[in-house]
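Please look over the sequence and the structure before reading the points below.

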Amino acid sequence: MTARAQKEYMDYCMLKQACIDYGKKEGIAIGEERAKLDDARNMLLKNVGSIEQIAEITGLAEEKIKELAEELKIEV
């Protein structure tokens with residue numbers, strides 16, 4: 001393998017690993033957001049706390065929780 005081919009292969013490997021790392025970070029962020037939404041949904045369904053309290057506990061915006069309540073047809 002020539003030095004140039006070796007360098008190109010190493011560049012490819014580094015780029016591939018960077019893409020994998022980015023994908024993992026994005027996947028974790030998406031999973032965390034889904035978990036927060038699931039928590040908020042469960043709290044709304046069980047009538048646990050106000051919109052403000054649910055927002056404080058989950059870290060979601062109050063507007064997002066209001067949208068979720070509308071989707072679930074829950075009056076808040």
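Two residues count as being in contact when heavy atoms of theirs lie within 4.5 Å. On that basis, of the contacts in the protein chain between residues at least 6 apart in sequence, 41% join residues at least 24 apart. The model is a predicted one. The protein chain holds three helices and zero strands, and its pattern along the sequence reads α-α-α.

**Overall form**

- The C-alpha trace of the protein chain spans about 70 × 20 × 15 Å along its principal axes.
- The radius of gyration of the protein chain is 22 Å, whereas a compact globule of 76 residues would have one near 11 Å.

**Surface, burial and charge**

- Of the 76 residues in the protein chain, 16% are buried.
- The protein chain has an accessible surface of about 6200 Å², and carbon and sulfur atoms account for 55% of that surface.

**Helix H3**

- Helix H3 covers residues 62–71, and its buried residues are Ile65, Leu68 and Ala69.
- These three residues lie on the same side of H3, because they cover an arc of only 100° around the axis.
- Helix H1 (3–45) and helix H2 (51–58) are included in what covers the buried residues of H3.
- Glu70 and Glu71 are exposed residues on the face of H3 that is turned away from its buried side.

**Residues with positive phi**

- Asparagine 47 is found in the loop between H1 and H2.
- The phi of asparagine 47 is near 55°, which is a positive value in a residue other than glycine.
- Asparagine 47 has a relative accessible area of 66%, so this residue is exposed, the cut-off being over 50%.
- Lysine 73 belongs to the segment after H3.
- Lysine 73 also is a residue other than glycine with a positive phi, here near 60°.
- With a relative accessible area of 74%, lysine 73 is exposed by that cut-off of over 50%.

Note on methods: Residues are numbered from 1 along each chain as its sequence is written. This is a predicted model: local features need pLDDT of at least 70, side-chain atom pairs count only at pLDDT 80 or more; totals for chains, interfaces and linings use all residues. Side-chain values use heavy atoms; hydrogens and water are left out. Buried means under 20% relative accessible area, exposed over 50%, partly exposed in between (1.4 Å probe, protein chains only). Helices (H or I, at least four residues) and strands (E, at least two) are DSSP runs, numbered from the N terminus. The arc is that of the directions from the helix axis to the C-beta atoms. The radius of gyration is taken over C-alpha atoms; the globule rule is 2.2 Å times the number of residues to the power 0.38. Accessible areas come from the Shrake-Rupley method with a 1.4 Å probe; for residues, only the protein chains shown count as cover.
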